[in-house]
Amino acid sequence: EDSRIALPIGTTLDRFIKRNQDDFQYATGELSQLLRDIALAGKVVNREMNKAGLINIAGAIGTMNVQGEEQQKLDVLANIRFIRALTKGGEVCAIISEEDEKVIDVDHSKGKYVVAIDPLDGSSNIDVNVSVGTIFSVYRRISPIGSPIQKEDYLQKGTEQVAAGYLLYGSSTMLVYTTGAGVNGFTYEPSLGEYFLSHQNMTIPKDGKIYSINEGSLFSFSEPVKRYLEYCREETYSGRYIGSLVADFHRNMLKGGIYIYPSTAKNPNGKLRLLYECNALAFIVEQAGGKATDGINRILDVKPTSLHQRVPFFVGSKNMVEKAKVFHEMIH
Ligand code: AHG
Ligand code: MN
Ligand code: MN
Ligand code: MN
């Protein structure tokens with residue numbers, strides 16, 4: 001009998017997690033607690049985000065992260081909030097963050113899970129009041145609890161994820177996640193401090209007429225990418241590129257579309273990071289009936305070799321990602 005009880009829209013995140021507990025294989029409540037810890041940190045970041053124009057947390061802090069990017073105050077603030085919430089929650093043994101060069105050994109003596117996180121996605125948009133997000137990916141620890149964290153714990157293929165999700169701090173703040181039993185979206189009601197189920201069992205349209213790519217790098221795109229973009233123009237698709245992956249991805253989830261960050265002269269392997277951007281959204285989009293490739297290969301099958309490795313990213317409606325792949329196979 002299907003363990004997922006059809007809940008009325010408006011169910012809170014907590015009740016939803018409790019009711020769907022048995023969807024989490026092997027978990028006896030720890031994964032539920034982990035999701036709650038992330039949701040809590042999202043509330044805190046959301047509140048600080050809403051004040052960005054008023055208190056002095058906009059702008060850069062004058063430091064660079066391991067990506068060679070200028071860290072924004074909210075990059076660092078969000079990073080601290082999520083690391084603190086995950087550390088206090090006690091379910092996590094290690095964290096990989098965009099903003100930290102090395103793996104954070106939270107507590108290898110007890111936590112069952114490893115979390116890879118992009119604490120603030122779309123940082124360039126913070127100061128101009130455009131939607132930004134958080135992206136997270138959850139793995140089970142492989143090495144025995146109590147021993148030091150090993151590479152095998154934090155360089156796992158995307159197919160090994162037990163959960164993944166994103167927060168979108170937009171016109172309304174949402175939490176969207178999967179534990180491998182479909183995708184569900186929750187909208188945050190700040191006056192009640194609760195997330196309410198607003199998008200049950202999300203599925204991405206098989207086709208779409210929206211493409212998201214930074215065409216400023218057109219001259220350095222490969223032939224297959226250029227040919228696919230010509231195809232999009234011949235089909236008179238709409239170009240929509242926000243500069244926040246989470247915002248472009250979420251819109252495409254609801255309306256259908258494809259987001260592409262291909263190899264460019266500046267970023268030969270693309271700009272997006274496999275562990276805390278591409279794998280998480282690839283898991284979500286596949287659970288919603290969509291696809292995610294590096295142009296040709298399935299993202300979730302890529303074996304990671306380093307924490308911050310980048311990978312070309314084609315993600316969204318199944319037929320659109322497959323069409324883009326055809327152009328890659330024709331030319332190669
Ligand atoms: P982050 O802010 O976490 O570093 O990620 C930014 C990413 C993604 O959110 C966005 O789509 C892309 O960078 C924009 O890159 P370009 O400015 O090169 O188009
Ligand atoms: Mn960044
Ligand atoms: Mn990002
Ligand atoms: Mn980021």
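Tyrosine 231 and phenylalanine 327 are both buried in this predicted model. Tyrosine 237 is buried as well. Together with Tyr228, these residues, Tyr231, Tyr237 and Phe327, make up one aromatic cluster. The structure holds nine aromatic pairs, and one of them joins tyrosine 231 to tyrosine 237 edge-to-face, with 6.2 Å from centre to centre and 90° between the planes. The ring of tyrosine 231 also sits with its centre 5.8 Å from that of phenylalanine 327, and the planes meet at 50°, so this pair counts as tilted. Tyrosine 231 belongs to helix α5 (residues 223–234) and phenylalanine 327 to helix α8 (residues 318–331), so the pair ties together parts that lie 96 residues apart in sequence.

Then there is the sheet. Eight strands form an open sheet with mixed pairing, and reading across gives the order β4-β3-β5-β6-β7-β8-β9-β10. At its edges are β4 (104–105) and β10 (194–199), each of which pairs on one side only. Further in, β6 (residues 132–140) and β7 (residues 161–169) pair in the antiparallel sense, over eight bridges. Along that pairing, phenylalanine 136 stands opposite glycine 165 in β7.

Helix α3 (residues 73–89) lies across β3 (92–97), β4, β5 (113–121), β6 and β7, and runs at about 155° to β5. Helix α7 (residues 274–287) lies across β3, β5, β6, β7, β8 (173–178) and β9 (183–189); its direction is about 100° to β7.

Methods. Residues numbered from 1 in each chain as written. Chains lettered and ligands numbered in written order. Predicted model: local features only at pLDDT ≥ 70, side-chain atom pairs only at ≥ 80, totals over all residues. Heavy atoms only, no water. Pairing = 2+ DSSP bridges. Helix = DSSP H or I, 4+ residues; strand = E, 2+ residues; numbered from the N terminus. Contact = heavy atoms within 4.5 Å. Axes fitted to C-alpha atoms, helices over the stretch in contact; angles between N-to-C directions. Phe/Tyr/Trp six-rings, centres within 6.5 Å; stacked < 30°, edge-to-face > 60°. Buried < 20%, exposed > 50% of the residue type's maximum accessible area, 1.4 Å probe, protein only.
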